[in-house]
Amino acid sequence: MKKTEIASLKLYRKVFRSYKLRFYKPKKDLCPKCLAWKHKAPGSRTPEGADKMSVHLKQKQLSYKLKDADTKFVQSADNRIELCVITRDLQKTMSTPKGENGEFYYKSKFTTYNFTVFVSGEQQGYCYTWDQTTGKKGCTEVTSCMWSFIKMQAVKGIKEIRIYSDNCAAQNKNQYLFAMYVMASIRYNIKIVHRYLESGHTLLQCDSMHARIENSMKNEDVFSPSQWVTAMKMAKVNNPKYIVKVMEQEELYDFTPLASFQSWDKIKTSQIREEELTLTETQIMKPKRGRPVNWSTFPLKRTYQTKFPVRPDILKGLQDLCKSGAIPAEHAPFYMEHLPSLNLIQQEGDAPNSDVSDVGSDAEIESSDSEGSDVE
């Protein structure tokens with residue numbers, strides 16, 4: 001047998017560096033459960049803790065295995081004729097203005113939101129975006145975006161949608177979202193399966209969309225929210241590019257009445273790992289009071305009737321930046337003329353019911369997961 005001479009570590013480093021390569025360390029939050037177990041002294045680790053850690057890791061592997069299997073299955077065009085596999089998440093808020101000007105750091109910013117959906121197989125990304133004058137960062141907006149996406153897929157002839165997400169209650173585990181799933185399943189003759197990755201291990205394909213958008217504007221100045229919309233459209237160099245939909249207030253529906261027809265008192269969202277809705281659900285809602293309502297014909301109403309005004313202190317700061325020239329003159333009309341200047345009086349209890357973030361209590365969900373903590 002011919003002996004193979006193995007190169008030395010010194011030679012390996014020399015060749016590796018000659019190509020100007022380096023190892024990339026992902027900038028992701030680590031799982032708090034795994035870190036807590038890792039940092040425990042060996043003598044303080046109990047059998048009960050070891051069992052819980054074992055279950056945690058098994059759930060992590062199972063959720064990734066299901067997601068990877070579905071992703072691989074829809075690589076074939078024939079398999080995705082009636083099946084749609086997606087990951088979904090809300091990107092961190094995008095602030096305007098953004099730049100290296102020191103004045104920007106001392107002023108409150110105007111906020112833009114972006115809810116992303118990535119369709120596996122066809123490798124198509126969707127961005128549903130709105131700003132702070134149109135809506136908030138709650139389940140009303142996220143559920144309405146999903147309603148719009150499901151309607152679009154139903155028109156294409158999709159019969160089943162499999163959704164993968166993290167465990168954030170306000171976005172993914174609440175009665176309004178579940179009620180919408182029931183209504184969409186019945187109205188559009190579609191099966192909806194929502195699976196939740198293990199808390200702390202929620203690496204999703206749509207996270208790459210967020211990274212592309214943020215990296216495309218990393219060294220760019222942003223003076224107007226419309227520039228974020230352009231960034232979403234142009235973030236991906238190759239086709240298919242991201243499809244961007246700017247959500248209007250007329251498309252932000254109130255799903256509170258749907259949820260009120262059902263009993264959610266005994267449901268603990270922290271224990272839900274998969275939600276599946278099919279046409280076996282009855283089409284007639286039987287509320288506690290009043291007459292029965294048909295799921296198929298129940299009318300949806302918009303949540304907000306008027307635009308949200310910008311707080312006077314925020315508006316004044318943005319206008320000061322325009323007057324000082326920190327924001328160029330071509331972008332000034334948005335802040336000086338377009339934005340409403342009414343006072344925004346915030347009182348406790350004024351938040352819309354649709355922004356209730358949980359079905360019951362979800363205190364068990366780690367706070368890191370609400371930010372979409374990812375770890376490989």
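Predicted model: local features only at pLDDT ≥ 70, side-chain atom pairs only at ≥ 80, totals over all residues.
Reader: How many disulfides does the structure hold?

Author: The structure holds zero disulfides. For reference, a disulfide is a covalent bond between the sulfur atoms of two cysteines.

Reader: And Cys-84, is that buried or exposed?

Author: Cys-84 is buried, because its relative accessibility is 3% and the cut-off for buried is under 20%.

Reader: What about Cys-145, buried or exposed?

Author: Cys-145 counts as buried too, because its relative accessible area is 0%.

Reader: Changing topic: how many helices and strands are in the protein chain?

Author: The protein chain has eleven helices and twelve strands.

Reader: Which residues are buried in helix α7?

Author: Helix α7 covers residues 206-216, and its buried residues are Cys-206, Asp-207, Met-209, His-210 and Ile-213. Viewed down the axis of α7, these buried residues fall within an arc of 155°, so they line one face of the helix.

Reader: What covers the buried residues of α7?

Author: The cover includes the strands β1 (83-90), β2 (94-96), β3 (110-119) and β4 (124-131), together with helix α8 (225-234).

Reader: For the chain as a whole, what share of residues is buried?

Author: Of the 376 residues in the protein chain, 47% are buried. The protein chain exposes about 21300 Å², and carbon and sulfur atoms supply 52% of that area.

Reader: Last one: what share of the contacts with a separation of 6 or more comes from residues 24 or more positions apart?

Author: Such residues account for 78% of those contacts in the protein chain.

How values were computed. Residues numbered from 1 in each chain as written. Heavy atoms only, no water. Disulfide = S-S within 2.5 Å. Buried < 20%, exposed > 50% of the residue type's maximum accessible area, 1.4 Å probe, protein only. Helix = DSSP H or I, 4+ residues; strand = E, 2+ residues; numbered from the N terminus. Arc of directions from axis to C-beta. Contact = heavy atoms within 4.5 Å. Areas by Shrake-Rupley, 256 points an atom, 1.4 Å probe, with all protein chains shown as cover.
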